[in-house]
Amino acid sequence: QPIQAACLKPTKDSPEEARSFVCKYKGTLFRLLDAKKQERFMRTPHLFAALKMPIKLPPDALPVVLDKLPLPGYLQHTVVDAISEGLLALGQAAPRFPGVDNRESATKFLALYLRSRNAGNSPVDARLHGQNLARFRKACELLVRGAVGRDLPKAVLPGSEVVEEFMARHAEGPRAVVAD
């Protein structure tokens, strides 16, 4: 909408420099922003005359004071983007921690994901939380979701590495991975 931005009706309160590029066409005054826009207007004033101009320009956006917002507004301005990103990652990963139901697995994954991407983390904390998330994901890979045919896990003998790792992860539980 460059045409609407190019010309505005002058107001009585307009400063003098704003009145320097004023043109009159069919009884209407138009204030142009600069000489280039005035020249453009003068070539084809009929294109501008038919435009319906805004009565008043919208006010400049004021900075949001988070302390004064109600809880829903505060949450929308602070955590919605991070949680949305975390939920998308959760949907893509569909984690399933050994020995834990889907709801708890999802909750743990989301908590680890948010902690690993917290903007307030120090570099050391970010690295540690990232490692916790990676360990959780690795533990979740032990169970194959939706596997069919030859993708099904092969039978394993007691004492094999996979069984030992599963049992160790199950014994630790998801809380051990989340712990600091």
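1. The pLDDT is the predictor's confidence in each residue, on a scale from 0 to 100, and for this chain it averages 75, with 66% of the residues scoring at least 70. This is a predicted model, in which local features need pLDDT of at least 70 and side-chain atom pairs count only at pLDDT 80 or more, whereas totals for chains, interfaces and linings use all residues. Residues are numbered from 1 along each chain as its sequence is written, and side-chain values use heavy atoms, with hydrogens and water left out.

2. Confidence is highest in helix H5, at a mean of 92, and lowest in helix H1 (residues 2-6), at 40; helices here are DSSP runs (H or I, at least four residues), numbered from the N terminus. Over residues 1-7 the pLDDT stays under 50, although the model gives this stretch 19 contacts beyond four places in sequence, a contact being heavy atoms within 4.5 Å. Residues 176-180 also have pLDDT below 50, with 13 contacts beyond near neighbours in sequence. Where pLDDT is low, the predicted coordinates should not be read in detail.

3. Ser-116 lies in helix H6 and counts as buried because its relative accessibility is 12%, where buried means under 20% relative accessible area, exposed over 50%, and partly exposed in between (1.4 Å probe, protein chains only). The side chain of Ser-116 reaches the backbone oxygen of Tyr-113 at 2.8 Å. Leaving aside residues up to four places away in sequence, Ser-116 touches Asn-121, Ala-126, His-129, Gly-130 and Leu-133.

4. One salt bridge (a side-chain nitrogen of Lys or Arg within 4 Å of a carboxyl oxygen of Asp or Glu) is found in a search of the whole structure. It joins the side chains of Arg-43 and Glu-39, at 2.7 Å from N to O, and both residues lie in helix H2 (residues 35-43), four residues apart, about one turn of the helix. Arg-43 is exposed, with a relative accessible area of 61%, while Glu-39 is partly exposed, at 45%.

Terms used
Helix = DSSP H or I, 4+ residues; strand = E, 2+ residues; numbered from the N terminus. Polar contact = N/O pair within 3.5 Å; in protein donor to acceptor, adjacent residues only side chain to side chain.
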